[in-house]
Amino acid sequence: MRIQLMGCAVDNLSMEETLRQVDGFIRSGKPHQHVVVNVDKIVKANRDPGLRKIINDCDLINADGMPVVWASRLLGRPLKERVTGIDLFEALMKRSAEKGWRVFLLGAREEVVGGVARIYPARYPGLTLAGYRNGYWKPEEEEDVVAAISATRPDILFVAISSPKKEAFLARYQAAMRVPFAMGVGGTFDVAVGLVSRAPVWMQKAGMEWFYRFLQEPRRMFRRYFIDDMAFVALFAREWIKR
């Protein structure tokens, strides 16, 4: 069931239900776009109608971030659980090896995406990589990137470029690439190769993963978490008053 939270649609699905949905997408052979919403994405979507439309038009939308889950509960539309992009990525890499799905990796620096391409086939024997490419290209090269992905006929495309660039890229080219399931994964590749460590499980469960990320890069993350994302509180308050 799809619900609305502060202007963004979210599918009320567990991790297992999400995986079953992806399985259906891949069996259909038709292109589908996935997105996760967190505090930052909801704030940006409320400032950018174009991004909000892209999110709401996606075929599958998961909540990545405990504040979004908490807000859903307080607003009387409780989400079953948080389904993070990094957890879904890991689950889909494992399932791809089991089911023979072909995976394409797009984004990050060459050494990072190359590291993911080496690590995961070793971790999950049977995993087939259709190909991989770094996330740096000139505007005039974009159609060549799209053609190269399409030519490999992947079942899943993981895109690790910045937001909202990745959402716009997929919305613009999904039909041309014909990938049954395309998913933006943000900084997941950096975590996958060990460049960035993930918060301890207790912090994840407590909804403090953002604070752990801030401690890793305080200068870079201060504005996002303590200035830009504070707009989430106002958005929540406005919806609470309406309720």
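# Salt bridges and helix packing in a predicted model

Visitor: Which residues are linked in a network of salt bridges?

Guide: The structure discussed here is a predicted model. In it, a network of salt bridges joins four residues, namely D40, K44, R224 and D229.

Visitor: How many salt bridges does the structure hold?

Guide: The network of D40, K44, R224 and D229 is built from such bridges. A salt bridge also joins R27 to D23, and another is formed by E217 and R220. For the structure, the number of salt bridges is 21.

Visitor: How far apart are the closest N and O atoms in the salt bridge of R27 with D23?

Guide: Both R27 and D23 belong to helix 1, which covers residues 15-28. They are 4 residues apart, about one turn of the helix. In the salt bridge between R27 and D23, the separation of the closest N and O atoms is 2.7 Å.

Visitor: Where does R77, the partner of E239, lie?

Guide: The side chains of E239 and R77 form a salt bridge, with 3.0 Å from N to O. This pair links distant parts of the chain, 162 residues apart. E239 is in helix 13 (residues 231-242), whereas R77 is in the loop between helix 4 (66-74) and helix 5.

Visitor: What is the relative accessible area of R77?

Guide: E239 is buried, because its relative accessible area is 15%. R77, by contrast, is partly exposed, so its value falls between the limits of 20% and 50%. The relative accessible area of R77 is 27%.

Visitor: Are helix 4 and helix 13 roughly parallel or roughly antiparallel?

Guide: The axes of helix 4 and helix 13 are 11 Å apart and form an angle of about 15°. Angles under 35 degrees count as roughly parallel, so helix 4 and helix 13 are roughly parallel.

Visitor: How many nonpolar residues are in the contact of helix 4 with helix 13?

Guide: The crossing of helix 4 with helix 13 is right-handed. From helix 4, P67, A71 and L74 take part, and they meet F232, F236 and W240 of helix 13. The contact has no polar and no charged residues, and the number of nonpolar residues is 6.

Visitor: How far is the C-alpha atom of A237 from that of L129?

Guide: A237 is a residue of helix 13 and is partly exposed, at 34% relative accessibility. Along the chain, A237 and L129 are 108 residues apart. Their C-alpha atoms are separated by 45 Å.

Visitor: What is the relation of helix 5 to helix 6, oblique or roughly parallel?

Guide: The axes of helix 5 (residues 85-99) and helix 6 (residues 110-123) come within 10 Å and cross at roughly 55°. Roughly parallel requires an angle under 35 degrees and roughly perpendicular one of 65 to 115. The relation of helix 5 to helix 6 is therefore oblique.

Visitor: How many charged residues are in the contact of helix 5 with helix 6?

Guide: Helix 5 and helix 6 make a right-handed crossing. F89, E90 and M93 of helix 5 meet V116, Y120 and R123 of helix 6. By class, 4 of the contact residues are nonpolar and none is polar, while the number of charged residues is 2.

Visitor: How do the residues of the contact of helix 7 with helix 8 divide by class, and what are the numbers?

Guide: Helix 7 and helix 8 (residues 165-177) have axes 10 Å apart at an angle of about 45°, and they are therefore oblique. Their crossing is right-handed. Helix 7 contributes E142, E143, V146, I149 and S150, and helix 8 contributes F169, R172, Y173, A176 and M177. The division is 6 nonpolar, 1 polar and 3 charged.

Visitor: Which residues does S150 contact, leaving aside its neighbours within four places in sequence?

Guide: S150 lies in helix 7, residues 142-152. Its relative accessibility is 9%, so S150 counts as buried. Leaving aside neighbours within four places in sequence, the residues in contact with S150 are A176, M177 and R178.

Note on methods: Residues are numbered from 1 along each chain as its sequence is written. This is a predicted model: local features need pLDDT of at least 70, side-chain atom pairs count only at pLDDT 80 or more; totals for chains, interfaces and linings use all residues. Side-chain values use heavy atoms; hydrogens and water are left out. Axes are lines fitted to C-alpha atoms, for helices over the stretch in contact, and angles run from 0 to 180 degrees between N-to-C directions. Helices (H or I, at least four residues) and strands (E, at least two) are DSSP runs, numbered from the N terminus. Angles under 35 degrees count as roughly parallel, over 145 as roughly antiparallel, 65 to 115 as roughly perpendicular and the rest as oblique. A crossing is left-handed if the near helix is turned anticlockwise from the far one by less than a right angle, and right-handed if clockwise. Contact means heavy atoms within 4.5 Å. Ala, Val, Leu, Ile, Met, Phe, Trp, Tyr, Cys and Pro count as nonpolar, Asp, Glu, Lys and Arg as charged, and the others, Gly among them, as polar. Buried means under 20% relative accessible area, exposed over 50%, partly exposed in between (1.4 Å probe, protein chains only).
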